[in-house]
Amino acid sequence: MSLISLLKRKTNKSFFTTPSHGGRLFLFHKFYQWYKKDISEVDAYNPTEALKNAESRASKIYGTKYTKFLINGSTSGIIAAIMASECKNILIWDNAHICHKNGAELAGCNIMEYSLPKDENLGVYKTITLDEVKNLLLDIKNKDTALLITSPTYEGFAANIEGISKLCRQHDVKLIVDEAHGALYPFSDELPESAVKYADYTIQSLHKTAGGINPTALLHSNDNNPDKALSKITTTSPSYPMLATIEANINYLNSSKGKKHLRHLISDIRQLNLPTINDDITKILLKHPTMSGFELSEALYDKYGIEDERTNEKTTLLLCGLGTTKKMLNKLKKALNNMSF
Ligand SMILES: Cc1ncc(COP(=O)(O)O)c(C=O)c1O
């Protein structure tokens with residue numbers, strides 16, 4: 001049984017169990033459907049099996065050894081991946097998301113930080129290159145080492161995952177990829193290659209780009225089973241409505257309807273005719289000929305009601321995902337035309 005059909009099932013059992021709202025006390029009435037489906041792992045439902053089946057179907061879709069549903073974001077997946085890898089030493093980027101360092105500390109690893117150069121022209125860090133990985137691994141004399149990289153970056157720069165994974169295998173180093181911003185990659189040939197099939201561990205936020213609700217995410221492993229690690233940092237009372245949205249989200253991404261949706265999104269963004277600065281067309285990185293990133297951001301917000309994701313002195317970043325409509329992109333096109341892009 002799928003998680004979705006499990007939650008559609010009716011039962012006349014009386015629940016003297018958690019959750020305490022009993023599917024009836026709708027404290028916030030608009031969400032009454034959510035409360036109704038907010039079950040716990042009681043006998044009447046026994047949802048653990050449905051979850052296991054949903055995860056194993058997902059791992060077939062992604063072509064991984066294990067795929068785990070996360071209800072505490074990529075943050076929890078990255079921490080769990082570091083623990084599951086059983087590495088003693090870990091190479092982490094000194095400018096990465098804070099969960100990289102937190103995960104390494106929680107796992108009790110010996111941390112080796114690496115730096116990457118900033119692209120001063122764009123005001124952003126690009127991702128790690130094959131040569132940079134080669135240099136990092138030259139110095140590795142220890143086995144039990146993992147390399148943790150971020151690809152794509154927030155701003156849409158993607159690494160040569162296939163090459164990096166080959167290098168890591170040659171050096172007996174485990175590869176963990178923070179693909180929080182790349183959850184759409186396995187479902188389109190027009191986006192950078194996903195790490196899911198190459199890396200030992202890949203973590204993706206469904207909520208960032210793939211239409212998932214906050215903070216749904218996935219942890220893929222081609223190495224150890226992450227269950228034990230996840231159990232150390234995850235609640236024993238998972239939200240089944242949230243888990244069911246993950247199942248539905250993956251089914252949609254993998255369906256012909258979902259793939260068509262993504263193709264249309266990419267083609268609509270292409271119609272903006274913007275210069276290519278990064279590797280991922282869904283992360284629109286704007287550099288105006290005369291305005292600073294901050295000035296552009298302010299003008300977009302004040303004059304056109306368009307809010308960006310992130311801005312620096314040089315560039316402004318607009319993130320697109322499954323929820324980005326043609327209407328929104330047309331509005332953006334008009335605004336950019338008016339600002340001589
Ligand atoms: C590169 C990167 N990795 C990991 C995370 C953590 O993801 P989540 O919010 O899904 O926990 C973020 C969040 O912004 C991120 O930007």
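Analyst: Happy to! Let's begin with a definition: a residue is near a molecule or strand if its C-beta atom, placed from the backbone, lies within 6 Å of it. This is a predicted model, where local features need pLDDT of at least 70, side-chain atom pairs count only at pLDDT 80 or more, and totals for chains, interfaces and linings use all residues. Residues are numbered from 1 along each chain as its sequence is written.

User: Okay, which residues come nearest to the ligand?
Analyst: Gly73, Ser74, Thr75, His97 and Ser205 come nearest, out of 13 residues around the ligand.

User: And which element gives the largest share of that shell?
Analyst: That is α4, with three residues. Helices (H or I, at least four residues) and strands (E, at least two) are DSSP runs, numbered from the N terminus.

User: How does the shell divide into nonpolar, polar and charged?
Analyst: There are five nonpolar, seven polar and one charged. Here Ala, Val, Leu, Ile, Met, Phe, Trp, Tyr, Cys and Pro count as nonpolar, Asp, Glu, Lys and Arg as charged, and the others, Gly among them, as polar.

User: Let's stay with α4. At what angle do α4 and α5 cross?
Analyst: Helix α4 (residues 73–85) and helix α5 (residues 98–106) cross at roughly 35 degrees, and their axes come within 8 Å. Axes are lines fitted to C-alpha atoms, for helices over the stretch in contact, and angles run from 0 to 180 degrees between N-to-C directions.

User: Which residues meet there?
Analyst: From α4, Thr75, Ile78, Ile79 and Ile82 meet a group in α5 that includes Cys99, His100 and Leu106. Two residues are in contact if their C-beta atoms, placed from the backbone, lie within 7 Å. The residues of this contact are six nonpolar, four polar and no charged.

User: New topic: what order do the strands of the seven-stranded sheet have?
Analyst: The order is β1-β9-β8-β7-β6-β2-β3, in an open sheet with mixed pairing. Two strands pair if DSSP finds at least two bridges between them. At the edges are β1 (66–70) and β3 (110–114), each pairing on one side only. From one strand to the next, the twist averages 20 degrees.

User: Inside that sheet, are β7 and β8 parallel or antiparallel?
Analyst: Strand β7 (residues 174–178) and strand β8 (residues 201–205) pair in the parallel sense, over three bridges. Isoleucine 176 stands opposite tyrosine 201 in β8.

User: What about the sheet with three strands?
Analyst: That open sheet runs β10-β12-β11, with antiparallel pairing. Its edges are β10 (283–286) and β11 (310–311); each has a single partner strand, so one side of each is left without a neighbour in the sheet. As for β11 and strand β12 (residues 316–319), they pair over two bridges.

User: Where are the cis peptide bonds?
Analyst: One joins serine 151 and proline 152, with omega about 5 degrees. Proline 152 sits in the loop between β6 and α7 (161–170). Another goes from asparagine 214 to proline 215, with omega near -15 degrees. Most residues other than glycine have a negative phi, and most peptide bonds are trans.

User: Then which residue has a positive phi although it is not a glycine?
Analyst: Asparagine 46, with a phi of about 40 degrees. Asparagine 46 is in the loop between α2 and α3 (47–62).
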